[in-house]
Amino acid sequence: MYMFKLIRPLLFSFKDPETAHNLALSFLKLAGLSPFASLANFLTQVDNAALRQQVFGLDFKNPVGLAGGFDKHGEVLKGLEALGFGFLETGTITKLPQPGNPRQRIFRLNEDLGIINRLGFNNAGAEVLAKRLSHLNKIKIPIGISLGKSKITGLADSAKDYLFSLQHLYPYGDYFAINVSSPNTPGLRDLQGKEYLMEIVSLLLGFSNNVDIKKPILLKIAPDLSVEAINEVLEICKNFSIDGIIATNTTLSREGLKSHTNEAGGLSGAPLRAKSTEVIRYIHKQMPALPIIGVGGIFTAADAYEKIKAGASLVQIYTGFIYEGPMIVKKINKGLVELLKRDGFKNISEAVGVDPVRSR
Ligand SMILES: Cc1cc2nc3c(=O)[nH]c(=O)nc-3n(C[C@H](O)[C@H](O)[C@H](O)COP(=O)(O)O)c2cc1C
């Protein structure tokens, strides 16, 4: 763990952050092997009743998850589990294998504590992920699988594309996220529109409602949607009884950045924090019973608490994990226990949505 302090300068010295990412995945593979996993477990776990809750039918020992896109291929889930996360999301995976956009396609904005990425769903395809997950040793925390659309599939055929991935991966996920919000696949965000979204949601929920074990299906949305567009999405969530929303994906906005950059792609990290919180707050106000996973710019327990008080039951991190390293999970969980105690909440579920107005 303290190793991160030593290897951080090495990871941040690579000109292409993707090289650092691949090296970090190698470390995590190692961390997943016992006895390293037992040691990491010992150093990172925060076991506290105030953090435990049941959300969309699944048990979470703490609310801090890893966001989609970090372990796209489910290669290091054991190592990540040992870092104290409450849940992990693998993918985004598409029906067909695809290389994604040409490199360099990840850019760190150090001054802003942000990242721009235009990976474009580089992945080995749903069948390969299914095979890998079928060999995985038991993981004790919930695993979500994020599903996207293959680049070559036309928008009109996307529902079937998502369904293919869901069917192949269904035995291996505890929940599934329909990702219609990545900015790096041309047209993907159009799938948040009423007609396309209704078709995808009805097909996928139709599948999960008609198999022996119903598993939660969530929708991950962009932070750049207008209020009208969010209302349309929520209408569909209501009509089809979707199990939850993940808010939000990366933004196309470049507002307020200190860094000078013309790179195309989705922006994540600190510059996204306030915007994603406001989306969460709006959704919770409209549909208080709909579980929300809040994601965007979380670096501290206060950032996570802000999202919980705005209406998120669970949170996810990506960019904060890159900048702060593995101890961030424990830091957030410990900090949340203190914040809940300070405010007189016995359990995190009591704090969800208590702050209906804009905070910071
Ligand atoms: C390099 C990179 C790759 C990502 N890939 C995915 C992805 O495949 N699927 C997805 O749903 N989100 C993906 N995201 C978005 C994150 O899951 C998250 O929604 C977003 O980064 C905001 O959280 P953060 O500010 O904590 O990073 C990616 C983000 C980054 C930085």
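Q: Which residues is Phe60 in contact with, leaving aside neighbours within four places in sequence?
A: Arg52, Gln53, Val55, Gly86, Phe87, Pro142 and Leu314. Contact means C-beta atoms, placed from the backbone, within 7 Å.

Q: What are we looking at, and how is it numbered?
A: This is a predicted model: local features need pLDDT of at least 70, side-chain atom pairs count only at pLDDT 80 or more, and totals for chains, interfaces and linings use all residues. Residues are numbered from 1 along each chain as its sequence is written.

Q: Back to Phe60. How far is Phe87 from Phe60?
A: In sequence, 27 residues; in space, 7.1 Å from C-alpha to C-alpha.

Q: Is Phe60 buried or exposed?
A: Buried, because 21 other C-beta atoms lie within 10 Å. The cut-offs are 20 or more other C-beta atoms within 10 Å of its own for buried, 12 or fewer for exposed, and partly exposed in between, with C-beta atoms placed from the backbone.

Q: And which strand is Phe60 in?
A: β2, residues 58–60. Strands are DSSP runs of E, at least two residues, and helices are runs of H or I, at least four; both are numbered from the N terminus.

Q: How many bridges join β5 and β6?
A: Four, in the antiparallel sense. β6 covers residues 114–117. Its Gly114 is the bridge partner of Leu109.

Q: Now the ligand. How many residues surround it?
A: 26, and the closest are Ala67, Gly68, Gly69, Ser268 and Tyr318. A residue counts if its C-beta atom, placed from the backbone, lies within 6 Å.

Q: Which elements give two or more residues to that shell?
A: β6, β11 and α11 (319–324).

Q: How do the shell residues divide by type?
A: Nine nonpolar, 15 polar and two charged. Here Ala, Val, Leu, Ile, Met, Phe, Trp, Tyr, Cys and Pro count as nonpolar, Asp, Glu, Lys and Arg as charged, and the others, Gly among them, as polar.

Q: Last one, the whole chain. How many helices and strands?
A: Twelve helices and 13 strands. Of the 360 residues, 50% count as buried. The C-alpha trace spans about 50 × 45 × 45 Å along its principal axes.

Note on methods: Two residues are in contact if their C-beta atoms, placed from the backbone, lie within 7 Å. Two strands pair if DSSP finds at least two bridges between them.
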